[in-house]
Amino acid sequence: MRQLPLEQEQADLKAWMEQMAEAEPLPEEIVALWIGLFKTWDQEEATERYVLYLTGSDRFDAEDIYWATAPAYIPDNRYGVPDVLNELLALYQDDEEDGSFLDWILPLAYCTLQFDAISRSGLKKALFLAHRESLQLATGHDSGDYMVLTPIVEIPV
């Protein structure tokens with residue numbers, strides 16, 4: 001696990017978010033970003049792969065993720081493939097004993113740690129805060145489990 005390029009992927013994920021916000025600026029009414037996570041079948045590789053996507057909402061409720069199901073901001077280039085997370089998937093996907101548990105907790109934990117760190121430091125915050133003082137951020141599985149992250153603010157909390 002020490003050999004996985006976690007810092008490089010964090011930089012890539014940050015760049016992915018910033019490129020979206022530059023190409024398609026967030027409308028004024030957006031108060032929260034959702035970074036969704038799902039698995040899809042990769043025909044070329046003949047395997048399952050995790051895919052991330054970013055959308056924005058004009059509502060937010062930390063106690064109920066329903067706000068993320070009706071996005072008001074849907075950028076064209078919203079999908080990303082997290083290479084490190086998919087390398088981890090390859091390590092445990094055939095594990096009959098712990099595979100399903102790891103398939104639930106590891107992607108959520110990975111996205112939580114990566115995107116929370118991105119939110120707290122290094123992000124070009126002006127791209128996200130042009131019309132607002134803060135922007136809520138959450139990540140999770142499309143199937144429902146999620147984590148509310150550190151909001152994007154000018155001064156870290």
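**Entry 1. Aromatic pairs**

Rings of Phe, Tyr and Trp (its six-membered ring) form a pair if their centres lie within 6.5 Å; planes under 30 degrees apart count as stacked, over 60 as edge-to-face and the rest as tilted. With this rule I looked for clusters and found W34, F60 and W67 linked by ring pairs. I noted that the model is predicted, that local features need pLDDT of at least 70 and side-chain atom pairs pLDDT 80 or more, and that totals for chains, interfaces and linings use all residues. Residues are numbered from 1 along each chain as its sequence is written, and side-chain values use heavy atoms, with hydrogens and water left out.

The count by this rule is six aromatic pairs. I looked up W16 and F115: the pair is tilted, because the ring centres are 6.5 Å apart and the planes stand at 55°. W16 belongs to helix 1 (residues 6-23) and F115 to helix 3 (residues 99-120), 99 residues apart. Helices (H or I, at least four residues) and strands (E, at least two) are DSSP runs, numbered from the N terminus.

W34 and W67 form an edge-to-face pair, with 6.3 Å from centre to centre and 90° between the planes. W34 lies in strand 1 (residues 32-42) and W67 in the loop between strand 2 (47-57) and strand 3 (79-80), so the pair ties together parts 33 residues apart in sequence. W34 is buried at 4%, and W67 is buried at 3%.

**Entry 2. Nonpolar cores**

A nonpolar core is a set of buried Ala, Val, Leu, Ile, Met, Phe, Trp, Tyr and Cys residues joined through side-chain atoms within 4.5 Å. I found 30 residues in the largest core, where M17, L33, F115 and F128 touch the most other members. Helix 1, strand 1, strand 2, helix 2 (83-92), helix 3 and strand 4 (134-141) each supply at least two residues of this core. Helix 1 gives the largest share, five residues. I also recorded a second, separate core of seven residues, among them A32, W34, Y53 and I65.

**Entry 3. Strand pairing**

Two strands pair if DSSP finds at least two bridges between them. I looked up how strand 1 runs beside strand 2 and strand 4. Strand 1 and strand 2 are antiparallel and joined by eleven bridges; K39 has Y50 in strand 2 as its bridge partner. Strand 1 and strand 4 are parallel, with six bridges, and L37 stands opposite H141 in strand 4.

**Entry 4. Salt bridges**

A salt bridge is a side-chain nitrogen of Lys or Arg within 4 Å of a carboxyl oxygen of Asp or Glu. I counted five in the structure. Which residues are linked in a network of salt bridges? The network holds D42, R49 and D83. R49 meets D42 at 3.7 Å, N to O, and D83 meets R49 at 3.7 Å, N to O. D83 lies in helix 2 and R49 in strand 2, so this pair ties together parts 34 residues apart in sequence. R49 is partly exposed at 21%, and D83 is partly exposed at 44%.

How values were computed. Buried < 20%, exposed > 50% of the residue type's maximum accessible area, 1.4 Å probe, protein only.
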